[in-house]
Amino acid sequence: MRWNATFRYQKASTPTRDTNGLLIKPTASDFVMGTICQVERNAPAQHRIGADGQEFVYDYVMYTIPKYGNIIAVGDTLEIRLNDGNTFTKTILGTDITDKKVLAVWV
C-alpha cells in the first residue's frame, strides 16, 4: 500500500578532527524541505545485500522525483510526513536511481 506524503531531509555532516587529531562532533544541518512523494511500507522488512556484500534491512521505500538523486545520499536523515498527519524520521539506507522517472529511497 502506498501513501501520499511530503518529506524533509537533513544532510549528514562529515566528522572533522581538531589539531590534536581527535574527532569533533559535527553539528547537524537544518532540515531542508523536499517535495511530495509516495511512501510504501514493507511488512515484513526487506533484506538487501549491497554491492560491498553488506546486508541491510529497510522498512519503507520512498518514491520521489529523480532530481533528488544528486542531493540526498546514504546516511542523510529523512523526515516523512504522511497526508494523515503521521510523521516519522529515518536514516537513508540506500537509493536506487536505475529508473529515470523515479528515485527510490530505502529507509
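This is a predicted model: local features need pLDDT of at least 70, side-chain atom pairs count only at pLDDT 80 or more; totals for chains, interfaces and linings use all residues.
**Entry 1: overall layout**

I read the elements off from the N terminus, and they run β-β-β-β-β-β-β-β-β. That gives nine strands and zero helices in the chain. I then took the extent along the principal axes: the C-alpha atoms fill a box of roughly 50 × 35 × 25 Å. I looked up burial next. Of the 107 residues in the chain, 28% are buried. I also checked how far apart in sequence the contacting residues sit. Among contacts with a separation of 6 or more, 54% join residues 24 or more positions apart.

**Entry 2: the nonpolar core**

I turned to the inside. Nonpolar side chains tend to be buried together in soluble globular proteins. The largest nonpolar core here has 17 residues. Which of them touch the most other members? I found Phe7, Val39, Met62, Leu78, Ile80 and Val105. The elements that give two or more residues to this core are β1, β4, β5, β6 and β9.

I picked Met62 and listed its contacts, leaving out residues up to four places away in sequence.

I followed Val105 to its strand. Strand β9 covers residues 103–106. Leu103 and Val105 point one way from β9, while Ala104 and Trp106 point the other way. Are these four buried or exposed? All are buried.

I then looked for the partner. Strand β8, residues 94–96, pairs with β9 in the antiparallel sense, over three bridges. Thr95 stands opposite Val105. The two strands, β8 and β9, form a hairpin, and six residues lie between them.

**Entry 3: aromatic pairs**

I searched the whole structure for aromatic pairs and got four. I wrote up two of them. The ring centres of Phe7 and Tyr9 are 6.5 Å apart and the planes stand at 40°, so this pair is tilted. Both Phe7 and Tyr9 are buried.

Tyr9 also pairs with Tyr68, and this pair is edge-to-face. The centres are 6.2 Å apart, with 70° between the planes. The pair links distant parts of the chain: Tyr9 sits in strand β1 and Tyr68 in the loop between β5 and β6, 59 residues apart. I checked accessibility for both. Tyr9 has a relative accessible area of 9%, and Tyr68 has 6%. Each therefore falls under the 20% that marks a buried residue. Phe7, Tyr9 and Tyr68 form one aromatic cluster.

**Entry 4: salt bridges**

Side chains of opposite charge can pair when their charged atoms come close. How many salt bridges does the whole structure hold? My search found four. I wrote up three.

First on my list is Glu40 with Arg2, at 3.3 Å from N to O. Glu40 lies in strand β4 (residues 32–49) and Arg2 in strand β1 (residues 2–10), so the pair ties together parts 38 residues apart in sequence. Glu40 is partly exposed at 21% relative accessible area. Arg2 is partly exposed too, at 43%. Arg2 turned up again when I looked at charges over rings. It lies over the face of Tyr63, at 4.2 Å from the ring centre.

Next I took Asp76 and Lys11, whose closest N and O atoms are 2.9 Å apart. Asp76 is in the loop between β5 and β6, and Lys11 in the loop between β1 and β2.

Last, I looked up Asp59 and Lys90. Their side chains meet in a salt bridge of 3.3 Å, N to O. Asp59 lies in strand β5 and Lys90 in strand β7 (residues 87–91), so parts 31 residues apart in sequence are tied together. Asp59 is partly exposed, with a relative accessible area of 26%. Lys90 counts as partly exposed at 25%.

How values were computed. Residues are numbered from 1 along each chain as its sequence is written. Side-chain values use heavy atoms; hydrogens and water are left out. Buried means under 20% relative accessible area, exposed over 50%, partly exposed in between (1.4 Å probe, protein chains only). Rings of Phe, Tyr and Trp (its six-membered ring) pair if their centres lie within 6.5 Å; planes under 30 degrees apart count as stacked, over 60 as edge-to-face and the rest as tilted. A charge sits over a ring if NZ of Lys or CZ of Arg is within 6 Å of the ring centre and within 35 degrees of the ring normal. Two strands pair if DSSP finds at least two bridges between them. A nonpolar core is a set of buried Ala, Val, Leu, Ile, Met, Phe, Trp, Tyr and Cys residues joined through side-chain atoms within 4.5 Å. Contact means heavy atoms within 4.5 Å.
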